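Visitor: I have a structure to look through and some questions about it. Could you take me through them one at a time?

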There are 4 protein chains.
Amino acid sequence: MKKKQIALISTGGTIEKTYDELSGVLANKVSVLDVMLASLELRGVVVQRVALMNKDSLDMTAEDHTHIAEIAGHMAKLADGVVIVHGTDRLANSGERVVEVVGTPASPIVFTGAMRPYELRSTDAIQNLTEAMLAVQILPPGVYVAMHNQVLQFPGVVKDRTAGTFVKYS
Amino acid sequence: MKKKQIALISTGGTIEKTYDELSGVLANKVSVLDVMLASLELRGVVVQRVALMNKDSLDMTAEDHTHIAEIAGHMAKLADGVVIVHGTDRLANSGERVVEVVGTPASPIVFTGAMRPYELRSTDAIQNLTEAMLAVQILPPGVYVAMHNQVLQFPGVVKDRTAGTFVKYS
Amino acid sequence: MKKKQIALISTGGTIEKTYDELSGVLANKVSVLDVMLASLELRGVVVQRVALMNKDSLDMTAEDHTHIAEIAGHMAKLADGVVIVHGTDRLANSGERVVEVVGTPASPIVFTGAMRPYELRSTDAIQNLTEAMLAVQILPPGVYVAMHNQVLQFPGVVKDRTAGTFVKYS
Amino acid sequence: MKKKQIALISTGGTIEKTYDELSGVLANKVSVLDVMLASLELRGVVVQRVALMNKDSLDMTAEDHTHIAEIAGHMAKLADGVVIVHGTDRLANSGERVVEVVGTPASPIVFTGAMRPYELRSTDAIQNLTEAMLAVQILPPGVYVAMHNQVLQFPGVVKDRTAGTFVKYS
């Protein structure tokens, strides 16, 4: 059986934050995505890593959202699917921007992120990455977020800051 | 948004094996599924647990496979999807039996299992359960195994004992 | 064999920091010491918990150091040994203060702490707590820090901020 | 400060058992001691590894116990201390044999082991190795077992099979 080609675009965010023991803070310095990927059994896909940026999404500009959308739309033509790791605070902004710029992409584009960094033993990063990597293989073309055991389709997705997750608004 | 009702049927297998420190062996004694479920963020579903049996699948009889198939087909009518945790050695036997007994079920039926018990720090149990719980929400009705980042549809799935995973035969 | 009575005084510090997913920072809010203790097999001791304060040690005043010293000296008379969990930035200040206030205590007083919080998967908190809980049983009366697989005796201990550990100055 | 030279003799046992996913059993095949050592911060010691044997201690012969005792006594002259990783079922046999063959060694000899393999997430292996590596630095010359937060001196130590730990008999 032919393996699916998945483009994995990293943009930073909580999921990739690491701990600096000298300053005692969590920051976006090195990507831990490769460590996470190595901890998973990925039998169905070939992953192509695209390290686009490494930003706390609160620092993203309108140009960043457009840039992410354009790259995602482009990669969706080359691959069988695109997964985008993104800070949750502005994840919905990038998601809506993909729909505006790309419309329906050539293959599924699935965003994911985390509320608690991979470095924490109680992280949700592994669960969310697992879900995005699976969902991208079985969803029809479209723009989605996969996180916390649910898949939501853009447009119309927002972060519920109180619940710490994503929801559809009606 | 209405949450999906998912029936989670446990039958035993490696995924649920626990370590007995006095005898030094791994065995199917207590279900660790609840511990695994508690470690995940399950925002999209309401889980109904069905503790059907707790067997090493090598000990399953033809009657066990048929029993699993009948219960799965029945639960697929009542719920929005069914996840079945199963030993990998005979998982394909139960999967094929569901197709024979049920045909196309009323909602998706997704099998999963593990090659390394949850109690091991290098377990694949959490990844596989995460995948099954997500796949069951977005797949069309049918019978599948979700494991190791791939989804395969019955009939025609076998365990590749050398690779330690499932594959489609052609 | 009679179990040793060990007083475990918690004062806060990195070892007890927990992650607040809404603000995205690590802070001293709830004690994770009980979780750590539950993860260890403590056959040789009976632990008496003394939750003295829960401070980042950078916020400790001269009065805090004296208060810790007095309580430690007092508990050393009542118990077979005292373990103090402390932020590493000012751990040496409290250690020196114990020597000034108490001299040679009635039973061993062992400080410990961590460079990386327990909540991180790469934490040194468990190792350091394990070492302190063992060292306090076999050291002669005195004031020590046990951390990173070494035991150093006060006075004359300082934090090496570059190496991220404690050393004796000569 | 001069670091202590510690000889670390591995003989096998539960602590080093690894999981074979094809046969589904835990066995002594490769040493996981190096992985454990790498996960600890060892600032006080230089470790010299001696891979003596890799046996379930139930398979040890009288010759094995004598061989372990002779090597331990020899290494105690060359190093500042000796740690021996050993299966718990026959750990006490080797411990008593060291006392018979060596008497009081030139430096402390500390046995340790585990009831639950390192590969299990609920292992006691890391705790026990941490304790042995610390105890060997601060104990006077003698033969000991350090495990489960207690240090017991040979002769007169036995495994309590019901409690799953070591005790002194009187």
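Visitor: Is B:Thr130 buried or exposed?
Guide: This is a predicted model, and B:Thr130 is found in helix H4 (residues 125-138) of chain B. Buried means under 20% relative accessible area. At 2% relative accessibility, B:Thr130 therefore counts as buried.

Visitor: Which backbone oxygen lies 2.7 Å from a polar atom of the side chain of B:Thr130?
Guide: A polar contact requires a pair of N or O atoms within 3.5 Å. At 2.7 Å from a polar atom of the Thr130 side chain in chain B, the backbone oxygen in question is that of B:Ile126.

Visitor: What rotation superposes chain B on chain A?
Guide: The superposition has an RMSD of 0.0 Å, with 0.0 Å of shift along the axis. The two copies are thus related as by a two-fold rotation axis. The rotation is 180°.

Visitor: In chain B, which residue has the C-alpha nearest the axis?
Guide: The axis meant here is that of the 180° rotation that superposes chain B on chain A. The nearest C-alpha of chain B is 3.1 Å from it and belongs to B:Glu131.

Visitor: What percentage of the contact residues of chain B recur in chain A?
Guide: The same surface serves both copies. The share of chain B contact residues that recur in chain A is 100%.

Visitor: How far apart are the nearest C-alpha atoms of chain B and chain C?
Guide: Chain A and chain D do not touch, and their nearest C-alpha atoms are 12 Å apart. Chain B and chain C do not touch either, and their nearest C-alpha atoms are apart by 12 Å.

Visitor: Over which ring does the charged end of C:Arg121 sit?
Guide: A:Arg121 lies over the face of C:Tyr118, at 3.9 Å from the ring centre. The charged end of C:Arg121 is likewise 3.9 Å from a ring centre, that of A:Tyr118.

Visitor: What kind of aromatic pair do A:Phe111 and A:Phe154 form?
Guide: A search of the whole structure finds 4 aromatic pairs over all chains. For A:Phe111 and A:Phe154, the distance is 6.1 Å centre to centre and the angle between the planes is 65°. Planes over 60 degrees apart count as edge-to-face, and this pair is edge-to-face.

Visitor: How many residues apart in sequence are the parts that this pair ties together?
Guide: A:Phe111 counts as buried at 0% relative accessibility, and A:Phe154 counts as buried at 4%. A:Phe111 lies in strand E6 (residues 109-112) of chain A, and A:Phe154 lies in the loop between strand E8 (150-153) and strand E9 (157-160) of chain A. The pair thus ties together parts whose separation in sequence, in residues, is 43.

Visitor: In H2(A), which residues are buried?
Guide: At 1.5 Å a residue, the 17 residues of helix H2 (residues 62-78) of chain A should span 24 Å, and the end C-alpha atoms are 25 Å apart, which agrees. The cover over the buried residues of H2(A) includes strand E1 (4-10), strand E4 (45-51), strand E5 (81-85), helix H3 (91-102) and E6 of chain A. Among the buried residues are A:Asp64, A:His65, A:Thr66, A:Ile68, A:Ala69, A:Ala72, A:Gly73, A:Met75 and A:Ala76.

Visitor: How many of the 14 residues of H4(D) are buried?
Guide: The end C-alpha atoms of helix H4 (residues 125-138) of chain D are 21 Å apart, which agrees with the 20 Å that its 14 residues should span at 1.5 Å a residue. H4(D) is mostly covered, and its buried residues number 13 of 14.

How values were computed: Residues are numbered from 1 along each chain as its sequence is written. Chains are lettered from A and ligands numbered from 1 in the order in which they are written. This is a predicted model: local features need pLDDT of at least 70, side-chain atom pairs count only at pLDDT 80 or more; totals for chains, interfaces and linings use all residues. Side-chain values use heavy atoms; hydrogens and water are left out. Copies are superposed by least squares on the C-alpha atoms of residues with pLDDT of at least 70 in both. Contact means heavy atoms within 4.5 Å. Helices (H or I, at least four residues) and strands (E, at least two) are DSSP runs, numbered from the N terminus. The expected span of a helix is 1.5 Å times one less than its number of residues. Buried means under 20% relative accessible area, exposed over 50%, partly exposed in between (1.4 Å probe, protein chains only). A polar contact is a pair of N or O atoms within 3.5 Å; within protein, one must be able to donate a hydrogen and the other to accept it, and residues adjacent in sequence count only if both atoms are side-chain atoms. Rings of Phe, Tyr and Trp (its six-membered ring) pair if their centres lie within 6.5 Å; planes under 30 degrees apart count as stacked, over 60 as edge-to-face and the rest as tilted. A charge sits over a ring if NZ of Lys or CZ of Arg is within 6 Å of the ring centre and within 35 degrees of the ring normal.
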